[in-house]
Amino acid sequence: MTVTEEAADREAAGRARFEALLAADEKVEPRDWMPDDYRKTMIRQIAQHAHSEVIGQQPEGNWITRAPTLKRKAILMAKVQDEAGHGLYLYSAAETLGVSRDELQELLHSGRQKYSSIFNYPTLSWADIGAIGWLVDGAAITNQVMLTRTSYGPYARAMIRICKEESFHQRQGYEIMLRLVEGTEEQRAMAQDALDRWWWPSLAMFGPPDADSTHTEQSVAWKIKRETNDELRQRFVDMTVPQATYLGLTIPDPDLAWNEERGHYDFGEIDWDDFWRVIKGDGPCNRERIANKVRAWEDGAWVREAARAHAERKRRRAKAGTRSI
Amino acid sequence: MSYDVPPIEGEVERGPEGTTGGYRLWEVFVRASRGLNHVHAGSLHAPDAETAARNARDVYTRRGEGVSIWVVPSSAIHASDPDAAEAWFDSDKPYRHPTFYEIPDEVGHM
């Protein structure tokens with residue numbers, strides 16, 4: 001057998017095992033053979049997800065110094081720290097596919113990899129922190145609960161950990177909204193204004209409609225996604241409408257109505273032009289988010305360099321048999 | 001454990017001048033409470049073991065998930081060959097399990 005024949009044989013066996021794993025609903029693990037496109041899709045999706053967690057710290061971090069009470073400040077810091085942690089879990093998962101974190105970071109900084117468009121909208125009032133927890137994290141949870149069953153093992157494990165923590169995020173956000181609607185007329189108006197601005201971008205978070213989504217079909221076949229964008233969006237709407245009703249707030253959609261026949265809420269058309277505009281870089285905060293990220297990275301260079309030098313010196317001293325300081 | 005990271009740029013001791021690389025990859029094991037095993041929790045990058053352990057605390061134990069942490073350089077882990085999994089981990093020896101043996105009910109719990 002020639003070398004090429006042997007390689008072809010190995011690939012055929014690998015492909016058969018990969019297909020069998022998917023058929024049996026088992027997880028694909030880092031050292032398993034996988035199609036190149038599966039690997040690429042997985043890297044792209046996990047990296048985008050990781051970037052979103054990291055960039056997602058900014059709109060909320062914006063309010064840490066202005067949180068209304070010490071309790072809310074502590075909660076918000078814990079939440080923002082969680083987002084950083086979620087980014088790290090996900091970068092680790094991406095790295096098992098053979099990319100380096102530096103490479104992914106460079107792709108984010110240069111705009112060649114994207115993050116969720118939702119983080120390109122500004123947080124204008126304290127109520128936005130409530131709306132983000134309630135709606136943005138609510139939408140993220142809907143998506144991520146599905147992803148706990150994704151076919152790539154390291155990604156699924158990261159999702160399980162993240163979902164456990166996201167529940168706190170959504171509940172603290174809803175509680176902020178509750179306190180506001182119980183407050184003054186001005187506070188109620190602030191809550192309504194936040195819902196008005198965050199509702200549509202939250203629905204858009206699930207991605208383009210199934211009919212226009214180029215990735216969905218293959219992703220479902222590979223069991224990366226277990227449900228389509230439209231199915232997840234519908235679930236989110238059905239869950240969220242009663243929560244808005246309880247708050248006494250109005251969802252900014254004149255077409256929103258319960259459809260007895262479908263057993264679901266009907267809702268209006270999402271502004272997809274806005275969605276694409278923001279994804280392509282022209283949202284209210286795109287440039288600011290990336291500029292902040294790059295600046296944080298560059299400003300931290302001396303810390304990384306010092307840590308490296310310290311580790312290097314310790315290693316040298318250990319080798320020389322002298323005591324390290 | 002079947003967790004193995006292919007060689008990546010970040011694993012080198014020092015990255016090329018002016019780049020960000022140079023941190024090693026560490027595997028993190030967390031003991032949830034005394035009396036339990038340390039269990040693999042994930043991985044992270046750090047320049048040395050002390051920093052790895054400290055970062056592991058922040059990344060993997062923000063909610064009282066553990067009382068002890070181990071960090072191990074990922075490069076120190078040798079994993080079994082996934083292609084050999086069938087041969088290595090056969091499950092056709094039912095006589096190794098207690099349920100293989102039929103004990104009359106009258107004998108009682110055994």
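Partly exposed denotes a relative accessible area between the buried limit of under 20% and the exposed limit of over 50%, and these legends apply that wording to a predicted model.

**View 1. The salt bridge between D230(A) and R233(A).** The closest N and O atoms of D230(A) and R233(A) are 2.8 Å apart. Both residues belong to helix α10 (residues 229–247) of chain A, where, because they are 3 residues apart, about one helical turn separates them. D230(A) has a relative accessibility of 30% and therefore counts as partly exposed, whereas R233(A), with a relative accessible area of 2%, is buried.

**View 2. A salt bridge joining two chains, between R63(B) and D82(A).** The side chains of R63(B) and D82(A) meet at a distance of 2.4 Å, taken from N to O. R63(B) is placed in the loop between α1 and β3 of chain B, while D82(A) lies in helix α4 (residues 70–95) of chain A, which means that the pair joins two chains. The relative accessible area of R63(B) is 39%, so this residue is partly exposed; that of D82(A) is 1%, so D82(A) is buried.

**View 3. The salt bridge between D90(B) and K93(B).** In this pair from chain B, the closest N and O atoms of D90(B) and K93(B) are 3.4 Å apart. D90(B) is partly exposed at 38% relative accessibility, and K93(B) is likewise partly exposed, at 26%.

**View 4. A network of salt bridges in chain A.** The residues linked in this network are E60(A), K79(A), E83(A) and D137(A). Over all chains, the count of salt bridges comes to 32.

View 5. Once its neighbours within four places in sequence are left aside, V67(B) is in contact with R31(B), A32(B), S33(B) and R34(B). H38(B) is 29 residues from V67(B) in sequence, and the C-alpha atoms of V67(B) and H38(B) are 9.7 Å apart in space.

**View 6. A nonpolar patch on the surface of chain B.** The patch is formed by Y95(B), F100(B), Y101(B), I103(B), V107(B) and M110(B), which together have about 660 Å² of accessible area. One of these residues, V107(B), is located in the segment after α2 (85–88) of chain B, and its relative accessible area of 47% makes V107(B) partly exposed.

Notes
Residues numbered from 1 in each chain as written. Chains lettered and ligands numbered in written order. Predicted model: local features only at pLDDT ≥ 70, side-chain atom pairs only at ≥ 80, totals over all residues. Heavy atoms only, no water. Contact = heavy atoms within 4.5 Å. Patch = residues over 30% accessible without salt bridge, like charges linked within 9 Å, V, L, I, M, F, W, Y side chains within 5 Å. Areas by Shrake-Rupley, 256 points an atom, 1.4 Å probe, with all protein chains shown as cover. Salt bridge = Lys/Arg side-chain N within 4 Å of Asp/Glu carboxyl O. Helix = DSSP H or I, 4+ residues; strand = E, 2+ residues; numbered from the N terminus. Buried < 20%, exposed > 50% of the residue type's maximum accessible area, 1.4 Å probe, protein only.
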